[in-house]
Structures are given as C-alpha cells and as structure tokens.
Amino acid sequence: MATVLEANYIESLLGKETEDLLTYTAKVSQDLLHLPGSDFIDRIWVNSDRSPQVLKNLKHIYSTGRLANTGYLSILPVDQGVEHSAGASFAPNPIYFDPKNIVKLSIEGGCNAVATTLGVLGIIARKYAHKIPFIVKLNHNELLTYPNQFDQIMFADVEQAWNLGATAVGATIYFGSEQSTRQIQEVSQAFKYAHKLGLVTVLWCYLRNSTFKQDQDYHLAADLTGQANHLGVTIEADIIKQKLPECNNGYGAVAQATGKSYGKTNEQIYTDLTTEHPIDLTRYQVLNCYCGRVGLINSGGASGKNDFAEAVRTAIINKRAGGTGLISGRKTFQRPFAEGVKLFHAIQDIYLSPLVTIA
C-alpha cells in the first residue's frame, strides 16, 4: 500500500514526465559506473590516497541523517548570505539571519551535513559540531563592491575550519572565468592542506562566463559542466557539486558565437554518450566524476512556486543517472521551517524509494 501511495505522490508532482523519468534506459550503461551503496567508502575510497582521518570524516558524512549508510547524500548549503546578500537570501524567512536556525534545519531535515560560512559555523560550533557534520565554505563571491564583480575569493582558511570541528571544507571555482586559473591554484592548495588535516573536500564546480549565454544558457551544458567536474576531481575533490544540466554542446555554441575554435571536444560525446534526455546529460556529468568514484551532488536551484515538484524531479534524475544526492538551499530555507523540513524529507524519500532505480 505504501508503494502505491508513493507512486501516486510522485505522479502528482511530475505529471506527464512521470513514466519517462522512471522508466527511461540511459544511453551509457550503468555497468560503467561505481554506484552509491552502503559499502561505498570500503569499496571505493579505501584504495585511494586519502588518509584514515579523511576516510573517517567521509564515513561520518555518509553515516548521518535519514540517508545514513545508503551511499546517498542530502546536504543543506547556506552560503547565499554572502553570494546573494543576506537581505536577498533571508528576507523571505528572517529566522535564518540567526545561524542557530540554519543548523537546526539541517538536523531536523535529516541532512547528512550542513555547508555554510566560517562565521555561521564558528558562532555555534560548541553546541552543534558534534551533532551534524560541518562543511566550512572557504571562498565566496560578494556583491557589495561597486561595480559588482564575479570572483571567488578566500574568506576563511583550512585551519580555521579544522579548529571549529569541521568535518569538511568546501569551495567554488568559476571555471571559464578570467579568474579561474588563480581559483584553481588557490583551491588546489587548500584541498591539499585539508586532506593533510584529515578533512573532506567538497567542490562547487560552477561555470561563469558571459559568452556561455547564447540561444541557451550553456552554463548548464552537459559537456561544459562535465569537463568542470573532471577538473574538480583532478584537484582531488571528494564530493562534486554541480548544477543539473539542461542542454549540451556548449563547445560548439561558443565556437559558433565567437567565430573561433574553443576548447576540445569529440562528436562521440553527442552521438554515443548523450542524448537530450536529462538522465543522459546528468550521466555524462557522473562519467566525468571518475565514473561515480567521486560522488556527484546536484544543486536544488532557486526557490519558486513548484519547489516540491522541481526538487523531486531533480532527485529522480540525479539518482537514476548514478549520482550521489542533492544539495538544497533556497528551496528549503526560504519557506516556513516545517515546510523546509518536509521538502528535505521529500527529496530523501526518492533516494530511499525502491521505485526509483538506476537507469
């Protein structure tokens, strides 16, 4: 009876997309992937160069919350107070100006971890550091400088994160931006030191270049985001955060728009490895995370009128593609507390459901 109710619930949210998303067979076989599971640390990470301290902290993240010991992750990220300004982020729900409520939402929501700023975690560290894994976001893009600029700069260092009891550090690189070379070098060094101290590393692999916006927003192209993921795992990110892909052939679009060659690609990406289906596009992102050896978590996106449907849809696509979970911020904290908890549970239920299988 529970399965029937769950199926009806999914259909009520996805409507006409339900059958396609739940039954689609991916173009690239799941046999190529290293899929999430209860043994993910022992099966994948035990053979890596990560120290016992890193493995212990990685296990801590995978063993917390409603998705504990499944190989899947549900994370609350709240760096929007800097990235989008505190007013723009928290005006819809002012309780989140208080860092305590950010951490409380992650705990009540059954999350594996909370990812937020040095200041937020530092001010409540002694009360909560032992209750849920902390991910300290090291760098941010601030929008107070005039004219606004788009650059990730370091707000915190790894040792500060370690001192407040963090389990992991996180950072963003704006791949494709004028500042990306410096950001890659900074984050690579920070991740090296984090691993030395036993901390897990999480990388926001975002694209940022105005040329990527053409007839579509190719910041969301599978080929470009996939390559960003590949650069992220190259500097030893343990978890990759990426936006859900919505299109493809960003390389071709940039070349056509500029009249110049751009990057390097291969036609087989578009003929043999992907289609226009969102599960195929996301599977290409997973392939670029060393075939799933490094977990891919997709972001939940901005808050809107259809948050529950959008969050469930994203979770289904991520899971069926072979991804590791969702990291959901504004959709949860820009609504009443109880509704935010409910949305987290809706996402997590997708990863717990036997109805949603690997494509």
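## Charges over rings

A charge sits over a ring if NZ of Lys or CZ of Arg is within 6 Å of the ring centre and within 35 degrees of the ring normal. In this predicted model, the charged end of Lys 127 meets that description over the ring of Tyr 128, at 5.5 Å from the ring centre. The charged end of Lys 137 likewise sits over a ring, that of Trp 204, with 5.1 Å to its centre.

## The barrel

Eight strands close into a barrel, and the pairing is parallel. Their order is S1-S2-S3-S6-S7-S8-S9-S10. Neighbouring strands of this sheet are turned against each other by 25 degrees on average, with direction ignored.

H12 packs on it and touches S6, S7, S8 and strand S9 (295–299). The direction of H12 makes about 150 degrees with that of S7. Helix H15 (residues 278–287) lies across S8 and S9, and its direction is at about 135 degrees to S9.

Strand S1 covers residues 73–78, and six of its six residues are buried, so the strand is largely enclosed by the rest of the structure. In a regular strand the side chains alternate between the two faces of the sheet. In S1, Leu 73, Ile 75 and Pro 77 point one way, while Ser 74, Leu 76 and Val 78 point the other way.

Two strands pair with S1 in the parallel sense. Strand S10 (residues 325–327) is joined to S1 by three bridges, and within that pairing Ile 327 is the bridge partner of Ile 75. Strand S2 (residues 113–117) is joined to S1 by four bridges. Across from S2, Pro 77 stands opposite Ala 115, and Val 78 stands opposite Thr 116.

## Strand S7 and its crossovers

Strand S7 (residues 200–207) is mostly covered, with eight of its eight residues buried.

Which strands pair with S7? Strand S6 (residues 168–175) pairs with S7 in the parallel sense over eight bridges, and Gly 170 stands opposite Val 202. S8 also runs parallel to S7, joined by three bridges, and here Trp 204 stands opposite Lys 241. The chain passes from S7 through helix H12 (residues 222–234) to S8 in a right-handed β-α-β crossover. S6, helix H11 (residues 180–196) and S7 likewise make a right-handed β-α-β unit.

## Aromatic pairs

The structure holds seven aromatic pairs. One of them joins Phe 212 and Tyr 262, with the ring centres 6.3 Å apart and 55 degrees between the planes, a tilted arrangement. Phe 212 lies in the loop between S7 and H12, and Tyr 262 in the loop between H13 and helix H14 (268–273), so the pair ties together parts that are 50 residues apart in sequence.

Tyr 262 counts as partly exposed, at 31% relative accessibility. Elsewhere, ring pairs link Phe 90, Tyr 96, Phe 97 and Phe 333 into a cluster.

Cys 247 is found in the loop between strand S8 (239–242) and helix H13 (250–258). Is this residue buried or exposed? With a relative accessible area of 7%, Cys 247 is buried.

Leaving aside neighbours within four places in sequence, Cys 247 is in contact with Gln 216, Asp 217, Tyr 218, Leu 220, Ala 221, Ala 222 and Leu 281. Ala 222 lies 25 residues away along the chain, and its C-alpha atom is separated from that of Cys 247 by 6.3 Å.

Notes:
Residues are numbered from 1 along each chain as its sequence is written. This is a predicted model: local features need pLDDT of at least 70, side-chain atom pairs count only at pLDDT 80 or more; totals for chains, interfaces and linings use all residues. Side-chain values use heavy atoms; hydrogens and water are left out. Buried means under 20% relative accessible area, exposed over 50%, partly exposed in between (1.4 Å probe, protein chains only). Two strands pair if DSSP finds at least two bridges between them. Contact means heavy atoms within 4.5 Å. A crossover is right-handed if, with the strands pointing away from the viewer, the path from the first strand over the helix to the second runs clockwise. Rings of Phe, Tyr and Trp (its six-membered ring) pair if their centres lie within 6.5 Å; planes under 30 degrees apart count as stacked, over 60 as edge-to-face and the rest as tilted. Axes are lines fitted to C-alpha atoms, for helices over the stretch in contact, and angles run from 0 to 180 degrees between N-to-C directions.
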